[in-house]
Amino acid sequence: MTGLAKIEMGIGAASWGRSLVWRYGRTHSESDIRAAFDVIAASPNIMIDTAELYGFGQSEAYIGQFALDTGHHPPVATKCFPYPWRWRSTVLIDALRSSLHRLQRPQVDLYQMHWPFPPVGISQWMSDLARAAAEGLTKAVGVSNYSVRQTQKAFDTLAQYGIQMASNQVKYNLLDRTIERSGLLDLCKALGVRIIAYSPLQLGLLSGKYTPENPPVGPRSALYRQQLAIIQPLIQTMRDIGRAHTAKGVVKTPAQVAINWCICKDTLPIPGAKNAKQARQNIGAAGWRLSSEEVTALDDISRTTIKKLESSQ
């Protein structure tokens with residue numbers, strides 16, 4: 001059992017310092033993400049997920065600086081990106097050492113291979129990850145975006161070095177359950193590999209804040225308008241369930257219900273957060289559980305909704 005067993009959920013730091021995709025500098029600033037970091041650091045068993053690719057190292061650098069400023073060191077997972085020119089056997093260790101320098105810590109809690117891209121094969125990357133673990137640079141190792149076949153191969157290769165693969169980070173939410181149909185979720189459960197679920201809110205569609213009359217602004221608006229109309233029954237079910245989990249006058253939001261559903265599936269969801277409010281809201285999905293009946297109800301309406309979305313394309 002790896003240290004991830006103690007982690008209930010994480011916060012994704014993909015938007016920290018990343019302007020091209022996540023509009024850093026326009027929708028959020030350094031002070032905003034510093035405030036988000038403070039919320040995370042004050043919350044037990046919450047991990048920050050980042051990568052060297054995010055902001056070309058800026059996300060990691062912010063985490064390191066904030067930790068140094070505050071003295072708080074929440075669990076951190078980061079990733080190595082398999083650029084095509086990274087073919088020498090030392091590149092993963094070099095990349096990890098660079099990440100550790102930016103993070104200003106001697107060891108990360110989890111180091112992951114970001115994608116299974118060629119030309120370097122899975123066996124070589126897993127050998128390099130095993131070396132990173134042996135040198136004490138990371139507590140655990142994992143992969144990201146690996147298929148059923150790739151996951152099994154990675155797991156078997158690490159096992160040859162006496163290392164348990166900790167995780168596979170893939171997309172998973174109420175509107176995208178591909179890993180159930182492919183068998184990846186079942187395989188990971190059988191192998192003791194934790195699924196880290198990215199995009200648990202499907203880029204905001206499951207947040208409950210958008211409607212067909214109030215779609216997100218920008219390029220997503222036209223794309224989401226039809227989808228928002230189709231998913232409204234699912235959103236309403238999430239609202240009803242959220243009201244059933246009112247505590248001290250605070251109703252659980254659709255977003256918190258969606259994230260908790262991922263937790264109830266034994267995955268580790270990592271919604272993003274650009275500021276303290278988003279971090280606080282997302283972390284509000286932890287520390288409680290949907291009932292088995294509520295999970296079943298969400299399963300059923302989710303399947304119906306996905307079928308409608310697929311037939312509308």
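So, the aromatic cluster: ring pairs link Phe81, Tyr83, Trp85, Trp115 and Phe117. By pair I mean rings of Phe, Tyr or Trp, using the six-membered ring for Trp, whose centres lie within 6.5 Å; planes under 30 degrees apart are stacked, over 60 edge-to-face, and the rest tilted. Keep in mind that this is a predicted model, where local features need pLDDT of at least 70 and side-chain atom pairs count only at pLDDT 80 or more, while totals for chains, interfaces and linings use all residues. Numbering runs from 1 along each chain as its sequence is written, and side-chain values use heavy atoms, with hydrogens and water left out.

Searching the whole structure turns up seven aromatic pairs. One of them is Phe81 with Tyr83, a tilted pair at 4.8 Å centre to centre and 55° between the planes. Then there's Trp115 with Phe117: the centres are 5.2 Å apart and the planes sit at 10°, so that pair is stacked.

Buried or exposed, where does Phe81 fall? It's buried, with a relative accessible area of 13%, and Tyr83 counts as buried too, at 17%. The cut-offs are under 20% relative accessible area for buried, over 50% for exposed, and partly exposed in between, with a 1.4 Å probe and protein chains only. Trp115 is partly exposed at 30%, and Phe117 is partly exposed at 34%.

Okay, on to the sheet. Eight strands make an open sheet, ordered β1-β2-β3-β4-β5-β6-β7-β8, with parallel pairing. β1 and β8 (268–269) are at the edges with a single partner strand each, so one side of each has no neighbour in the sheet. Pairing here needs at least two DSSP bridges between the strands. Strands and helices are DSSP runs numbered from the N terminus: E with at least two residues for strands, H or I with at least four for helices.

Let's zoom in on β3, residues 76–80. Five of its five residues are buried. Val76, Thr78 and Cys80 point one way, Ala77 and Lys79 the other. On one hand, β3 pairs with β2 in the parallel sense over two bridges, and Asp49 stands opposite Ala77. β3 is also joined to β4 (residues 110–113) by four bridges, again parallel, with Lys79 opposite Gln112. The chain gets from β3 to β4 through helix α4, residues 91–103, in a right-handed β-α-β crossover. β2, α3 (residues 58–70) and β3 also make a right-handed β-α-β unit. Right-handed means that, with the strands pointing away from you, the path from the first strand over the helix to the second runs clockwise.

Next up, helix α11, residues 276–283. Which of its residues are buried? Ala276, Ala279, Asn282 and Ile283. As a reminder, an α-helix has 3.6 residues a turn, so residues three or four places apart point the same way. What covers those buried residues includes β1 (9–12), α2 (30–41), β2 (46–49) and α10 (254–264), with contact meaning heavy atoms within 4.5 Å. At the start of α11, a side-chain oxygen of Asn275 comes within 3.2 Å of the backbone nitrogen of Lys277.

Gly3 is exposed, at 54% relative accessible area. Gly3 and Ala244 are 32 Å apart, C-alpha to C-alpha, and 241 residues apart in sequence.

Definitions and conventions: A polar contact is a pair of N or O atoms within 3.5 Å; within protein, one must be able to donate a hydrogen and the other to accept it, and residues adjacent in sequence count only if both atoms are side-chain atoms.
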